[in-house]
Amino acid sequence: MNYLPFISIINKYCECLQENYGLKSLLVAMNGFSEMGAEALGRALKHNRGLTELDVSHNRINETGAGHIALGLQTNDVLKELRVGTQILNTRFINTTWYT
């Protein structure tokens, strides 16, 4: 299956999120964007100043993808709730909501 068009859409969407101030809550659960989508989302979170809630549940985000999101959150002091649902990290499933 060719995911390149889908990843291109995710990248464009995340570019727009970098400039966002009005959108407060975003649900992108069950989109299967995995590591590449998580990398784009991490870049967006680094600059985003609007989102207070984000749900990335059930997206096959692995440890590397989670690391990209974590890097974006290091400079983001606006996001208050991150729902990750079920993801695979280090061959273990996690199911949680992170609050800052």
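User: Which helix gives the largest share of the lining of the largest pocket?
Analyst: This is a predicted model, in which local features need pLDDT of at least 70, side-chain atom pairs count only at pLDDT 80 or more, and totals for chains, interfaces and linings use all residues. A pocket is an open set of points on a 1 Å grid over the protein atoms alone, where a 1.4 Å probe fits and protein lies on both sides within 12 Å along at least five of seven lines; lining residues have an atom within 4 Å of a point. Helices are DSSP runs of H or I with at least four residues, and strands are runs of E with at least two, numbered from the N terminus. The largest share of the lining, 6 residues, comes from H1.

User: How many residues line the largest pocket, and which lie nearest its centre?
Analyst: Residues are numbered from 1 along each chain as its sequence is written, and side-chain values use heavy atoms, with hydrogens and water left out. The lining has 12 residues, and those nearest the centre are Ile-10, Tyr-13, Val-28, Asn-31 and Phe-33.

User: Is Asn-48 buried or exposed?
Analyst: Asn-48 sits in the loop between helix H2 (34-47) and strand E2 (53-55). Buried means under 20% relative accessible area, exposed over 50%, and partly exposed in between, with a 1.4 Å probe and protein chains only. The relative accessibility of Asn-48 is 1%, so Asn-48 counts as buried.

User: Which backbone nitrogen does the side chain of Asn-48 reach?
Analyst: A polar contact is a pair of N or O atoms within 3.5 Å; within protein, one must be able to donate a hydrogen and the other to accept it, and residues adjacent in sequence count only if both atoms are side-chain atoms. A polar atom of the Asn-48 side chain lies 2.7 Å from the backbone oxygen of Leu-17. At 2.8 Å, the side chain of Asn-48 also reaches the backbone nitrogen of Leu-51.

User: Which side chain is joined to that of Ser-57 by a polar contact of 2.5 Å?
Analyst: Ser-57 lies in the loop between E2 and helix H3 (63-73), and is buried because its relative accessible area is 8%. A polar atom of its side chain is 3.2 Å from the backbone nitrogen of Gly-85. The 2.5 Å polar contact is with the side chain of Asp-55.

User: How far apart in space are Glu-81 and Leu-54?
Analyst: Glu-81 belongs to strand E3 (residues 81-89). Glu-81 and Leu-54 are 27 residues apart in sequence, and their C-alpha to C-alpha distance is 6.3 Å.
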